[in-house]
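Subject: Structure for your review

Dear colleague,

Please find below the structure that I am handing over to you. My findings follow it.

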Amino acid sequence: MNPSAETRQAQRHLRTLISAGHETQERSKAHSVETPAHSKPARRVLVFSHAMSRNGASLLLLQMLRWLKQHGNFQIDVVSDGHGPLVEDFRAIASVTIVSSMPYPIRLLPSRWARPVASAWLRAKLRALTLGRRYDLVYANTAAVWPYVAALGDRPPPLIWHIHELPYALGLTLPDDGARGALRAANRVVAVSRAVAQALSSGYAVRPECIDQIYGFVPDEAPSLAIRAELRAKVRHQLGLPEDAFVVGGCGGLGWRKGTDLFLQIARLAQRADGAQRVHFLWVGGAQCGSPEAMQFDFDVKQLGLEAVCCRVPATADVSAYYCAMDAFALTSREDPFPLVALEAATHRLPVVCFAMAGGTPEFVAGDAGRVVPYLNLTAFVAALRELACQPELGARLGEAGRQRVLREHSIDAQGPRLLRSVERCLEAA
């Protein structure tokens, strides 16, 4: 079959899919709240989410939409590029549509033809989803949703774009000038840290006056000190961690960007320096056993001889109990814009150790909520952990400083009004 015939066949199948409605769609409507006749009509917002998994960007979006519903008059429709455990949480506050994966015939096309056909498919999909609806605002969450933004056409509604990526991830996610042009066309861009704002203005020609730098936020889910002690003992018993061990924790997906390989190398260096094996390591996150990433992690644990001092728990909705079992939090990411796990750890009074030049966490640590060490200097990282292990009062002081900073600066009540103002500025500029 020659390429033109192959492309025509894929396009015919695409039209059949759209017209017959064979693509997977899931919708749910949020409970509507009647407003007085004299009130302004609700602003209709179309939200693009890259996922419904328990990743930081999606969790932040969920909290933000809840807050906006409580503090503003908004009707929200969410379009997500996949399923996940947060679907029902989003459905409680918004209409949700799950976009199906790309039709199989399109995925079979050579890349030079797949891109335009896929774009046409997505444009048709969005037209069907938004038929007869007028939106006052489009809220794009993460750079990964750029194909949805591009599919809106040349005259989209006012657009605000929440960026959670730094140069490495942006380079992977925005592959060409068309994708980057879509970003520059946003009315407002929300950057989750100064590091992200600098990356956007210097590397992607986003005008600084269009950027609102708004930090991430987390709920305070830390238990009381008494309950924390009970959970600490329970989790340590379940995982076989000694009661007197100094436990270094990490949290998140497994992979190069999160630095799980560095986490294990740090564990090996710490073990060599600590003959009594008092320092143990606990990673929370990643897939169940059997996934390639989990197998790689387990392989390295065995090859490095860390079975006695290092363990991993797959991703869970109840991370709080595991934070209670830790004494310090190691953020080993090579690149992380402003990870919520560092804030969550801080709410549990854990001092945070991270690399400089690796994202926004040094902006949070700021000298008194943990330690910042030179980029990829594993010896310095281990030295910082040993300092905390040898000086419990220092760790307690840094952990309490971090907790107070989260409560003061990184709650939804602190950052929500700033996000609302960014939304209002976007609407005003339309």
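**Overall organisation**

Of the contacts in the chain between residues at least 6 apart in sequence, 69% join residues at least 24 apart; contact here means heavy atoms within 4.5 Å. This is a predicted model, in which local features need pLDDT of at least 70, side-chain atom pairs count only at pLDDT 80 or more, and totals for chains, interfaces and linings use all residues. Residues are numbered from 1 along each chain as its sequence is written, and side-chain values use heavy atoms, with hydrogens and water left out.

The mean pLDDT of the chain is 86, and 86% of its residues reach 70 or more; pLDDT is the predictor's confidence in each residue, from 0 to 100. Over residues 1-38, however, the pLDDT is below 50, and this stretch has 54 contacts in the model beyond near neighbours in sequence.

The chain has 18 helices and 13 strands. These are DSSP runs numbered from the N terminus, with helices being H or I of at least four residues and strands being E of at least two. Of the 430 residues of the chain, 52% count as buried. Buried means under 20% relative accessible area, exposed means over 50%, and partly exposed lies in between, with a 1.4 Å probe and protein chains only.

**The sheet of 7 strands**

An open sheet with parallel pairing is formed by 7 strands in the order β3-β2-β1-β4-β5-β6-β7; two strands pair if DSSP finds at least two bridges between them. The edges are taken by β3 (95-98) and β7 (211-213), each with a single partner strand, so one side of each has no neighbour in the sheet. From one strand to the next, the twist averages 20°. Angles run from 0 to 180 degrees between N-to-C directions, and axes are lines fitted to C-alpha atoms, for helices over the stretch in contact.

Strand β1 (residues 43-49) runs parallel to β2 and is joined to it by 7 bridges. Strand β2 (residues 74-80) is largely enclosed by the rest of the structure, because 6 of its 7 residues are buried. Strands β4 (residues 137-141) and β5 (residues 159-163) also run parallel and are joined by 4 bridges. In β5, H162 is the bridge partner of N141.

**The sheet of 6 strands**

A further open sheet, again with parallel pairing, has 6 strands in the order β10-β9-β8-β11-β12-β13. At its edges stand β10 (310-313) and β13 (370-373), each having a single partner strand, so one side of each is left without a neighbour in the sheet. The twist averages 20° from one strand to the next.

Strand β12 (residues 352-355) is parallel to β13 and joined to it by 4 bridges; R371 in β13 is the bridge partner of V353. Helix α16 (residues 378-390) lies across β8 (246-251), β9 (279-284), β11 (328-331), β12 and β13, and runs at about 170° to β12.

Within β9 is H280, which counts as buried at 6% relative accessibility. Not counting residues up to four places away in sequence, H280 touches L241, P242, A245, F246, V247, V248, A308 and V309.

Helix α12 (residues 292-303) has 12 residues and reaches 16 Å from its first C-alpha to its last, close to the 16 Å expected at 1.5 Å a residue. The expected span is 1.5 Å times one less than the number of residues in the helix. In α12, the buried residues include A294, F297 and V301. They cover an arc of only 60° around the axis, which puts them on the same side of α12; the arc is that of the directions from the helix axis to the C-beta atoms. On the other side of α12, the exposed residues are P292, M295, Q296, F299, K302 and Q303. The cover over the buried residues of α12 includes α11, β9 and β10. Just after α12, G305 takes a positive phi of about 70°.

In helix α11 (residues 260-273), the buried residues are T260, L262, F263, L264, I266, A267, A270 and Q271.

**A195**

A195 is found in helix α9 (residues 194-203) and is buried, with a relative accessible area of 18%. Leaving aside neighbours within four places in sequence, A195 is in contact with L166, G359, G360 and E363. A195 and T361 are 166 residues apart in sequence and 9.4 Å apart in space, C-alpha to C-alpha.

Yours sincerely
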